[in-house]
Amino acid sequence: MYKIRQRIYISVCLIGILVWSGCDPKGQPDAATGDKLRVVTTIGMITDVVKNIGGPRVEVTGMVAPGVDPHFYNPTPKDVQRLGSADIIFYNGLHLEAKMGDILAKMSEDTLTVAVTDAVDRRLLLTPPEYDGLYDPHLWFDVKLWMQTVGKIRDALSEFDADNAALYRSNAERYLTELTELDAYVKSQMERVPSEQRVLVTAHDCFNYFGEAYGFEVRGLQGISTATEVGIADVQELATFIAARRISAIFVESSVSPRSLEAVKAAVRSKGFDVRIGGVLFTDAMGKEGTPEGTYIGMIRYNIDTIVHALIAESEL
Ligand SMILES: [Zn+2]
């Protein structure tokens, strides 16, 4: 029933777009008049890559706002309008945008609609057992893996706007250099944490790629998606693990309610051990636009700095 209602909603929205946009065809951008490519994205991390590669040639709108959880995000009527007038649509794929599948499929019929993770070698993707054979979608936490999406975005922009392909190529090269430096920074910071303290406990399992790439053991209270229910048994199991391993800090996520981790903290205390909240990490959404954490590079740097600071400070006591 829900599915049927969702389909009716999308159909009504699509009719709305057709009326709204009239018969105006989406043509190639006209360099002479300074027309920009209209790009619509889902998560901020993709928006930021597009901005870096497209520069002033693109006008990019991200649908999922800072602090909002993409696993649950339903496009608004305004989003649907924007999608309808976009030249290119970029999304993560791998079921991250679980509620947007129907509309993205519909849009792909006549708009260049690109899942940026299609570029990534499937052998490098993780398939955690609790995710029923599906791939883990959170690959932006492994900077080297996320770098593979840059070429996909560069190629799509160049395909639509061949006149500026050289610009997109040089911007992509510059950005990849910055991401290589970022990857080296994360590695160097991680090495400051004593190996027995390299355990990252968060609200949901979004740091598996981070753990693989940078040598952290990772535990999430929820599964891969925030849609998974949390039970008392999950809280107790995690609390037992934290107390047994004497883990000094656990981390809240910016796009997930902190309540469940507060429950874990209380459960740990009842076992005679104190764990503290080491800070808020940006996980499935970046920080506010205009702040350092409002960019992909800033977000990753902030996260590793927060993790390292919390785990080192306690271990030195
Ligand atoms: Zn997630």
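A crossover is right-handed if, with the strands pointing away from the viewer, the path from the first strand over the helix to the second runs clockwise. I looked for one here and found it: β1, helix α2 (residues 44-54) and β2 form a right-handed β-α-β unit. Helices (H or I, at least four residues) and strands (E, at least two) are DSSP runs, numbered from the N terminus.

I noted the ground rules. The model is predicted: local features need pLDDT of at least 70, side-chain atom pairs count only at pLDDT 80 or more, and totals for chains, interfaces and linings use all residues. Residues are numbered from 1 along each chain as its sequence is written.

Next I checked the pairing of β1 (residues 37-41). Strands pair if DSSP finds at least two bridges between them. I found β1 parallel to β2 (residues 58-62) over 5 bridges, with Val39 bridged to Val60. I also found β1 parallel to β3 (residues 88-91) over 3 bridges. There, Thr41 has Phe90 as its bridge partner.

I then looked at burial. A residue is buried if 20 or more other C-beta atoms lie within 10 Å of its own, exposed if 12 or fewer, and partly exposed in between, with C-beta atoms placed from the backbone. In β1, 4 of the 5 residues are buried.

I turned to Ile46, which sits in α2. Ile46 is buried because 25 other C-beta atoms lie within 10 Å. Leaving out residues up to four places away in sequence, I list its contacts (C-beta atoms, placed from the backbone, within 7 Å) as Thr41, Phe90, Asn92 and Val116. Ile46 and Ile153 are 107 residues apart in sequence and 8.9 Å apart in space, C-alpha to C-alpha.

Key
Two residues are in contact if their C-beta atoms, placed from the backbone, lie within 7 Å.
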